[in-house]
Amino acid sequence: MSTDAIVLLKEDHKEVRRLFREFEGADRHATEVRADLVSRIVEALTVHTYIENEVMYPAVRERVPALEQDILESYEEHHVADLLCAELDVMAPDDERFDAKTTVLIETVGHHMEEENDWFPKVRDALGRKELQEIGAHMLEVRATAPHRPEHPSSLRKAADALLR
Ligand SMILES: [Fe+2]
Ligand SMILES: [Fe+2]
């Protein structure tokens with residue numbers, strides 16, 4: 001099996017898009033189905049952004065300095081998606097903002113996943129096959145212990161307080 005980092009990340013993107021389409025095609029009144037789909041979207045995104053944040057982005061930043069600004073933007077886009085995921089994770093599916101928030105998440109992440117056409121090809125050009133395989137293998141290792149649910153802003157605040165004390 002290939003562990004090429006770009007191949008692995010694009011497979012994740014494909015699965016996320018599939019879940020997005022399922023949500024968009026679901027009956028508006030099928031609250032349980034929609035809630036289940038959102039839960040799966042949140043889980044897929046939590047794992048995926050984690051391995052990009054922890055492995056892919058730092059690896060690219062170090063090896064391809066010309067992509068620094070793209071990487072920084074990607075971190076910010078992840079940050080916005082993380083906030084929406086954390087909110088959706090604790091929101092009741094019959095809340096009037098549940099669908100709207102999910103739609104904004106889909107729009108935001110849909111735009112963000114353009115990274116695969118935007119700068120992934122530049123990474124492919126800059127790095128060798130072997131290097132991409134190594135980065136991918138590292139991603140798979142990190143994926144095994146990646147969080148599956150979002151960290152919540154309140155728990156983040158507690159962690160920050162503890163650090164400042
Ligand atoms: Fe990303
Ligand atoms: Fe991604």
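The model is predicted.

Me: Which annotation does UniProt list for residues 5–122?

Reply: The UniProt record, an unreviewed entry, gives "domain: Hemerythrin-like" for that span.

Me: Let us turn to the metals. Which residues coordinate the iron ion (ligand 1)?

Reply: Start with the donor atoms, then look at their places in the chain. Glu 52 (OE), Tyr 57 (OH), His 78 (NE2), His 112 (NE2) and Glu 115 (OE) coordinate the iron ion (ligand 1), at 2.0 to 2.7 Å. Along the sequence, these donors are spaced E-x4-Y-x20-H-x33-H-x2-E. The pair His 78 and Glu 115 links distant parts of the chain. His 78 sits in helix α3 (residues 68–89) and Glu 115 in helix α5 (residues 115–118), 37 residues apart.

Me: Are His 78 and Glu 115 buried or exposed?

Reply: Both His 78 and Glu 115 are buried.

Me: What are the protein donors of the iron ion (ligand 2)?

Reply: The donors are His 13 (NE2), His 48 (NE2), Glu 52 (OE), Glu 52 (OE) and Glu 115 (OE), lying 2.1 to 2.7 Å from the iron ion (ligand 2). Their spacing along the chain is H-x34-H-x3-E-x62-E. Here the pair His 13 and Glu 52 joins distant parts of the chain. His 13 is in helix α1 (residues 5–25), Glu 52 is in helix α2, and 39 residues separate them.

Me: Which residue bridges the iron ion (ligand 2) and the iron ion (ligand 1)?

Reply: Glu 52 does, and the two ions lie 3.0 Å apart.

Me: Why does Glu 52 count as buried?

Reply: Compare the relative accessible area with the cut-off: buried means under 20%. Glu 52 has a relative accessible area of 0%, so it is buried. His 13 is also at 0% relative accessibility and therefore counts as buried.

Me: How should I read helix packing?

Reply: Two packed helices are described by the angle between their axes and the distance between the axes. Now take a case. The axes of helix α2 (residues 31–63) and helix α4 (residues 98–112) come within 12 Å and cross at roughly 35°. The crossing of α2 and α4 is left-handed.

Me: Which residues make the contact of α2 and α4?

Reply: From α2 come Arg 34, Ala 35, Val 38, Ile 41, Leu 45, Glu 52 and Tyr 57. From α4 come Phe 98, Asp 99, Thr 102, Leu 105, Val 109 and His 112. By class, the contact residues of α2 with α4 are eight nonpolar, two polar and three charged.

Me: Take Thr 102. What does Thr 102 touch?

Reply: Set aside residues up to four places away in sequence. Thr 102 then touches Phe 23, Val 38 and Leu 88. Thr 102 lies in helix α4. At 1% relative accessibility, Thr 102 counts as buried.

Me: And Asp 36: where is Asp 36 found?

Reply: Asp 36 is in helix α2. Its relative accessibility is 40%, so Asp 36 counts as partly exposed. Asp 36 and Phe 23 are 13 residues apart in sequence, and their C-alpha atoms are 9.4 Å apart in space.

Me: Last case. With which residues is Ala 5 in contact?

Reply: Again, skip neighbours within four places in sequence. Ala 5 is in contact with Met 56, Leu 132, Ile 135, Gly 136 and Met 139. Ala 5 belongs to helix α1. At 0% relative accessibility, Ala 5 counts as buried. Ala 5 and His 138 are 133 residues apart along the chain, with 8.9 Å between their C-alpha atoms.

Conventions
Residues are numbered from 1 along each chain as its sequence is written. Chains are lettered from A and ligands numbered from 1 in the order in which they are written. This is a predicted model: local features need pLDDT of at least 70, side-chain atom pairs count only at pLDDT 80 or more; totals for chains, interfaces and linings use all residues. Side-chain values use heavy atoms; hydrogens and water are left out. Donors are N, O and S atoms within 2.8 Å of the metal (3.2 Å for Na, K and Ca); water is not among the atoms, so sites may look incomplete. Helices (H or I, at least four residues) and strands (E, at least two) are DSSP runs, numbered from the N terminus. Buried means under 20% relative accessible area, exposed over 50%, partly exposed in between (1.4 Å probe, protein chains only). Axes are lines fitted to C-alpha atoms, for helices over the stretch in contact, and angles run from 0 to 180 degrees between N-to-C directions. A crossing is left-handed if the near helix is turned anticlockwise from the far one by less than a right angle, and right-handed if clockwise. Contact means heavy atoms within 4.5 Å. Ala, Val, Leu, Ile, Met, Phe, Trp, Tyr, Cys and Pro count as nonpolar, Asp, Glu, Lys and Arg as charged, and the others, Gly among them, as polar. UniProt positions are given in the numbering used here, feature names are shortened, and annotations may be inferred rather than shown by experiment.
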